[in-house]
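Dear colleague,

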Amino acid sequence: MSGAALGIEIVVVFFLALFLLHQYGDFRKQQRMVLFGTLLAWYLCFLIVFILPLDVSTTIYNQCKIDHEEHFTVPSVPSNHSAGNMSTTPTKSIVPKPCYEPWSYIPNGIMPVFWRVVYWTSQCLTWLLLPFMQSYARSGGFSITGKIKTALIENAIYYGTYLLIFGSLLIYVAVHPKWRLSWNELQTIGITAANTWGLFLLVLLLGYGLVEIPRSYWNASRHGHLLIKTYFKASKLMTEKADAEENLEDVMEEVRKVSESIKYNHPLRKYIDTILRNCPLDYQEKMGRNMDDYEDFDDKQNTYPSEKSLVKLHKQVIYAVQRHNRTRVQWQILLQQAIHLEDVAKNETSSTHQFVHSFPPSEPAGWFSRYVYTPTVEWYWECLLKCWFYRLLSVVLTLFSVAVVWSECTFFSTRPVLSLFAVFVQLAARDYSYLYIEMACFITIFFLCTCVYSTVFRIRVFNYYYLASHHQTDAYSLQFSGMLFCRLTPPLCLNFLGLIHMDSAISHQQKEQTAYTSIMGSMRVLSFIADGFYIYYPMLILILCIATYFSLGTRCLNLLGFQQFMGDSEMTSDLIDEGKELIRREKRKRQRIEDGENRRREWKERYGNQREDYTARNRSNHEMKETSYSEAVNQTSNRQAKYSRAGSRAERDCIELLQDAEPLDFNAESLADDPLDSESGRHAGGRYLSMSTSRSRIFDDV
């Protein structure tokens, strides 16, 4: 198994990152460069999380081998020493347990190279490439050169600030008499600066997630609370949806004016066509019908927009269309959630113990719904077991959060060991339970990452950064999330190694370091950060958790005018009532649509077979009559009519209807007294110029 676990996890993590990107991004519409950059950033960050437990188990095994070598190394004693001196020779202590190689052991030399590639690639992405790609994707330029130029201009201040800080540090190091730093120490300073920035943001996000995630699962077990909050969200989302539609209308109106002013042979017309391709299809059709391409742009002395204004308009179109599509999809998802919660509330009092949906799914049920997840099983899960499962999960996550907060406040104490995670790992290391060590490390890191990453996915900054599922996240938000992941994951893993006392810069123990810590370098270069900031700043998590528990941030945002869900607020009650009415209105609309479909389905089932039989019978009669009529016409072409006018007219009308004939232009001069009996009124192809005197009046104005 040497190196096999590493290879398997590399492949599994890649597909995990690809799956998440597929959930939030759109592979068909978004640029390949955006998708590749985001996928690479997420993949590298997830790799650090999944591979670090293997590094910890390998380090414990290497430390075990070092301890055995030191234990069995006995100093040699000269032969001419006296017996008294021989009696003072130290005796061997208790022989430690033999070292067992872990199942996921990674040979020496692989992990340092692996971490070096992963870390420096992620740092280049987050500090250099992703900001540039972010501006490139958001740019409204019409060419690659124009987009690159816009991205460079927007990031000039961003990169200039970094160069100024780095240059100031270099000058300070060069002038300082006591500091003679090598290239490795300069790398360590850069890594320390990046990790310090990441740790500053990490503590803020972690303090929120440690409280909000357990509380969210506890609230999810309360169906009434969850339904009221869904009404609140529906009211806010409808306001945002209406605003997005209004914004799209304004932008499309501006596009229409520009499109009408710039004709087909104008040099800027190709830019207008590019803008129109990004507009919704219905707006494209409207603008296409109103275009007068036969007019030349030189015929009228109009004021035409510049290329710069078209770039700005193109950028507005991309943002407006993306926002409109996102709110529309989110509204459908939220509507489905609200209907489901209302169904759960209705079925809780059901005596049949079978879950009944207000709107059954249109797709036929699969084998899983027919044989496993039956209506009875669904009722027991939705109405009885699900709430208790969420409560139990909330309690477990609360215990994890308490353990994390306690360990963050006490991980600097090595004697006695107060960090709970350090105690668990050290107990497993004594028995060389490598599988338990890896599982404990993975669960701990996964919980920390869930608290941090879930907060990142919930952050919403004035609609400029917003991660929305179901392929509704724009390119800017995807790349911004990749930047945050690359900046948060390295300090998070360093913080975890400090919690289990595997970071010598914090634990001050002379032990074998992990390959990940060796890449980070010795923090002793900046002692005030290693001995001060890295130890005492994580204690702020306790204060942030208390603030989150009492919803201080929510209350502050509510005071500033940002509507938040608060049970004791009059504005919240009004929004809940409004959301309830919106959901009721959408349900009535959906019910009308479903009733119409049911009526059409019943009509088709009741009269469909009769209509098919009638159509087939008419088709056969039509063929027989057409044949007999053509023969009769050939045989009696010079013979006078022998039948009455009424019978002849009825027969000919029937034949005309069977042939689906359309009346041609009416000619009053050629109209005879009996147009249906005279042969002059018949067209050569068997169709009539006129059918009756009353019908002819319809075409008098044609």
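Which residues in α4 meet which residues in α7? Y119, W120, Q123 and W127 in α4 meet Q187, I191, A194, N195 and W197 in α7, where contact means heavy atoms within 4.5 Å. By class, that contact has six nonpolar, three polar and no charged residues (Ala, Val, Leu, Ile, Met, Phe, Trp, Tyr, Cys and Pro count as nonpolar, Asp, Glu, Lys and Arg as charged, and the others, Gly among them, as polar).

Please bear in mind that this is a predicted model, in which local features need pLDDT of at least 70 and side-chain atom pairs count only at pLDDT 80 or more, while totals for chains, interfaces and linings use all residues. Residues are numbered from 1 along each chain as its sequence is written, and side-chain values use heavy atoms, with hydrogens and water left out.

Helix α4 (residues 110-138) and helix α7 (residues 183-220) pack at an angle of about 60°, their axes lying 13 Å apart (axes are lines fitted to C-alpha atoms over the stretch in contact, with angles from 0 to 180 degrees between N-to-C directions).

The axes of helix α11 (residues 307-347) and helix α13 (residues 375-410) come within 10 Å and cross at roughly 90°, which makes α11 roughly perpendicular to α13. H340, V344 and N347 of α11 and W379, E382 and C383 of α13 make this contact, and its residues divide into three nonpolar, two polar and one charged.

Best regards

Conventions
Helix = DSSP H or I, 4+ residues; strand = E, 2+ residues; numbered from the N terminus. Parallel < 35°, antiparallel > 145°, perpendicular 65-115°, else oblique.
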